[in-house]
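Q: I would like to learn how to read the contacts, pocket and sheet of a model. Can we start with the ligand?

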Amino acid sequence: METKQISKAVIKRLPRYYRYLGELMEDNVERISSNELSKKMHTTASQIRQDLNNFGGFGQQGYGYNVKYLYTEIGKILGLEEDHNIIIIGAGNLGQALANYNFEKVGFHLIGIFDTNPRLKGVSVRGIEIYMMDMLDDFVAKNKVDVVTLTVPKRQAVEIGHHLEKIGIKAIWNFAPTDLNVSEDVCVKNVHLNESLMTLSYEYRAMYNQDEEDSRD
Ligand code: NAI
């Protein structure tokens, strides 16, 4: 499949397409037009066509999109055609909450959880044992670890980030509220729920103020 330089905005929308198409497949829907899909996704048909044209379209005139094919192709673009192993470092509130979540559905298998707190040693979350950090290097050497989820306090995160780079980790899903300063060879995705909440606050306020202004007109 021919791909050109894809904008970050389009890439950001792909998981949403993937999710909707997955739901359609669960409902045994075999094909769908851009119009029908746009109604479901509360977007425009032209946005969908434009987005998917970046990857060569996938649609056929008068037929629409083959749901399974599109789902598979978007999965490939997102690198989901093969499964990934993931570990969590920091088994506190957030780390354990994430460990309890089922990422297997999108092909991410949790294979290890690590912490420094001796009280957590041997405790299991969803059948996965929490190991102490001194076992990390050996674990990474013996297992294929594709992604590390970092849920440690801010103070420890940078140092752990450097260590992860040293032992060959290439992808970090960072929840600690700090920049990791690893080299460009390591792909870091920062997740900050606060930022999402602040955006919600902005949008909610904008909407609310708009309603107030409208009612004054
Ligand atoms: P927590 O205190 O419950 O858990 C932190 C865990 O990290 C503890 O179990 C601790 O023993 C462990 N830890 C400390 N140093 C370590 C090290 N060197 N190696 C391995 N494990 C170590 O904290 P919580 O609430 O789970 O938050 C964890 C991190 O996630 C914090 O940095 C917090 O700011 C951040 N956070 C981020 C959110 C986001 O949206 N990105 C939302 C909530 C928390």
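Q: Which atoms of Lys154 and of the ligand lie 3.5 Å apart?

A: A polar contact is a pair of N or O atoms within 3.5 Å; within protein, one must be able to donate a hydrogen and the other to accept it, and residues adjacent in sequence count only if both atoms are side-chain atoms. Here a backbone N or O atom of Lys154 lies 3.5 Å from an oxygen atom of the ligand. For Val152, a backbone N or O atom is 2.7 Å from a ligand oxygen. Phe175 has a backbone N or O atom 2.9 Å from a nitrogen atom of the ligand. The protein covers 72% of the 860 Å² of accessible area that the ligand has on its own, by the Shrake-Rupley method with a 1.4 Å probe.

Q: On what kind of model and numbering does this rest?

A: This is a predicted model, where local features need pLDDT of at least 70 and side-chain atom pairs count only at pLDDT 80 or more, while totals for chains, interfaces and linings use all residues. Residues are numbered from 1 along each chain as its sequence is written, and side-chain values use heavy atoms, with hydrogens and water left out.

Q: How many residues surround the ligand?

A: A residue is near a molecule if one of its heavy atoms lies within 4 Å of it. The ligand is surrounded by 23 residues, the closest being Leu94, Asp115, Val152, Val191 and Leu193. Helix α7 (154-166) gives the most to this shell, with 3 residues; helices (H or I, at least four residues) and strands (E, at least two) are DSSP runs, numbered from the N terminus.

Q: Which residues lie nearest the centre of the largest pocket?

A: On a 1 Å grid over the protein atoms alone, a pocket is an open set of points where a 1.4 Å probe fits, with protein on both sides within 12 Å along at least five of seven lines; lining residues have an atom within 4 Å of a point. The largest pocket is lined by 33 residues, and Pro15, Leu78, Leu80, Phe108 and Lys189 lie nearest its centre. α1 gives the most to this lining, with 11 residues.

Q: What is the strand order of the open sheet?

A: Strands of a sheet pair through backbone hydrogen bonds, either parallel or antiparallel. Two strands pair if DSSP finds at least two bridges between them. The open sheet of 7 strands has the order β6-β7-β5-β4-β8-β9-β10, with mixed pairing. Its edge strands are β6 (124-125) and β10. β9 and β10 run parallel and are joined by 4 bridges; Ile172 stands opposite Val188 in β10.
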